[in-house]
Amino acid sequence: MTSFNGYLLEANLIGGEWTGAAEGGTIDVTNPATGAVLGTVPNCGAGETEAAIAAAKAAFPAWSRSDLMMRVGLLQKLHDALMDNQEALAQLLTAEQGKPLFEARGEIAIGAAYIRWFAEEIRRKKGEIVPAPQAGRRLLVTHHPVGVVGAITPWNFPSSMLARKLGPALAAGCTVVAKPATVTPYSALAWGKLCEDVGFPAGVLNIVTGSARAIGGAIMDSPDVRKVTFTGSTEVGKTLIRQSADTVKKVSMELGGNAPFIVFDDADIDAAIEGAMIAKYRNMGQTCVCTNRFYVQAGVHDEFVAKLTAATKAMKVGDGTEDGVMQGPMIDAGAVAKVEELVADATAKGGSIATGGARHALGGTYYQPTVITGATQDMQFAKDEIFGPLSAVFKFDTEEGAMAAANDTEFGLAAYAYTRDLGRIFRLNEQLEYGLIGINAGLITTVEAPFGGVKESGMGKEGGTQGLDDYLVSKYTCLAGLD
Ligand code: ADP
């Protein structure tokens, strides 16, 4: 499997050619589980990005006017190629990113599912003929691809985040310039080869690796890029939104989160623990929908903490390719340092460590899955995204208090709550300021539903019927003088 079925590509895809950097040389890509170098990728900058944008622009007229069923057929083939190579692509993903193999297999499968979903959705994207106020006029509303799309993706889901963007973009008839995260470029480059193998025309998908600032800058500066879709930190997202102003681009932003997970006295605690484990520790806590703050009502607090601590301790930590491993390495030294800082801050302010609280004996970027109790709103993790395997447990008394604490953040991506009270469930639906809400469920992302945040967690949706709209512009055409 070391060849990853030929999907480890060390070149960029620009206008149908696999190329290197003109002058930037290469960047090493390492396996976070071992520190070993997996290979290199080109260190490209503005020049190569401009070439990629030019290729996408050149490919746009034919692609955007191609037969719908041709695009649908290619997307279906792309779905099948992903699933035919699921194991190799999952191995590649784990090698560059560190997540356990079972999660990587799941990520390839959901990426494929996004492609299939948008191949289906585009066939039902109907326009309208609106009743006109005067006789002799017909008012048409039609949908059209937005144009060349810039797609900037993060390291935590290097394959499926691209799938959510490529699926609707390619289905709609857009062409794409993609920039993957520098530490996890191979899963994205594999998409380039898959698209090439199944027959997408040259220039429809272009992939550039290298300097984020230079590549991002070239994408943002170009008047030819009509939309930018970004998944990553709120800080970078804000920069991109500012940069988008000069050319008035359409933007979709999937930014940071600070997910509350509220457990009420009437909850099924075993179900809450099951949901908590997946909502907290998936990808070593490095997802934007990972629980950041557990709020547990006083009546069930001790039972919840005891069970969460036991389940957290029981997780096997190690190289994601090993059998039974639930927690791999964190992405890099900075990520570990951030968790260490949050733990030190919490313990200095009176938090207690129920388990973990230190680096793992395996060394490298492994950190012990950790539970801290006695969490309070003045602790740093009440405000900051943890992005690590650290459970912070706050105790609460009233629904009102829990709801206020849950909303006390500038973020608004995912929230979870465990309760059987239907009235309360509607209050949570109405009052939680979040774009995604899981009631008695800790894993809710699915291709059929719109994923996206409110407040500083972003704008725009991925998945669902809404996920296509971000890649389309509507036109109103008034027909007169034909009677
Ligand atoms: P994360 O915390 O997930 O690493 P980042 O926002 O730093 O989030 O990175 C997400 C993506 O944005 C990566 O592909 C990264 O290279 C890219 N990126 C970082 N800084 C910039 C920038 N100034 N302009 C454009 N893209 C950027």
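**Entry 1: the terms.** I began with the search rule: on a 1 Å grid over the protein atoms alone, a cavity is a set of points where a 1.4 Å probe fits but cannot get out, a pocket is an open set with protein on both sides within 12 Å along at least five of seven lines, and lining residues have an atom within 4 Å of a point. A molecule sits in such a space if more than half of its atoms lie within 2 Å of the grid points. I noted that the model is predicted, with local features needing pLDDT of at least 70, side-chain atom pairs counting only at pLDDT 80 or more, and totals for chains, interfaces and linings using all residues. Residues are numbered from 1 along each chain as its sequence is written, and side-chain values use heavy atoms, with hydrogens and water left out.

**Entry 2: the ligand.** Where does the ligand sit? I found the ligand in the largest pocket.

Entry 3: A polar side-chain atom of Trp 155 lies 2.9 Å from a ligand oxygen, and a side-chain N or O atom of Lys 179 is 2.9 Å from an oxygen atom of the ligand. For Ala 181, a polar backbone atom is 3.5 Å from a ligand oxygen. Taken alone, the ligand exposes 550 Å², and the protein buries 78% of that, by the Shrake-Rupley method with a 1.4 Å probe.

**Entry 4: the pockets.** The largest pocket has a volume of about 1,200 Å³, a volume being the space filled by probe spheres set on the points. I noted 41 lining residues there, with Trp 155, Phe 230, Gly 232, Ser 233 and Val 236 nearest its centre. The largest share of this lining, 7 residues, comes from α8, and the classes are 16 nonpolar, 14 polar and 11 charged. The second largest pocket holds about 340 Å³, and of its 19 lining residues Ile 110, Phe 157, Arg 282, Leu 443 and Thr 445 lie nearest its centre. Here α4 (101-121) gives the largest share, 6 residues.

**Entry 5: the cavities.** How many cavities of 30 Å³ or more does the whole structure have? I recorded 3, and the largest cavity has a volume of about 60 Å³. Its lining includes Ile 278, Arg 282, Tyr 416 and Leu 443, and by class holds 7 nonpolar, 3 polar and 1 charged residues.

Notes
Polar contact = N/O pair within 3.5 Å; in protein donor to acceptor, adjacent residues only side chain to side chain. Nonpolar A, V, L, I, M, F, W, Y, C, P; charged D, E, K, R; others polar. Helix = DSSP H or I, 4+ residues; strand = E, 2+ residues; numbered from the N terminus.
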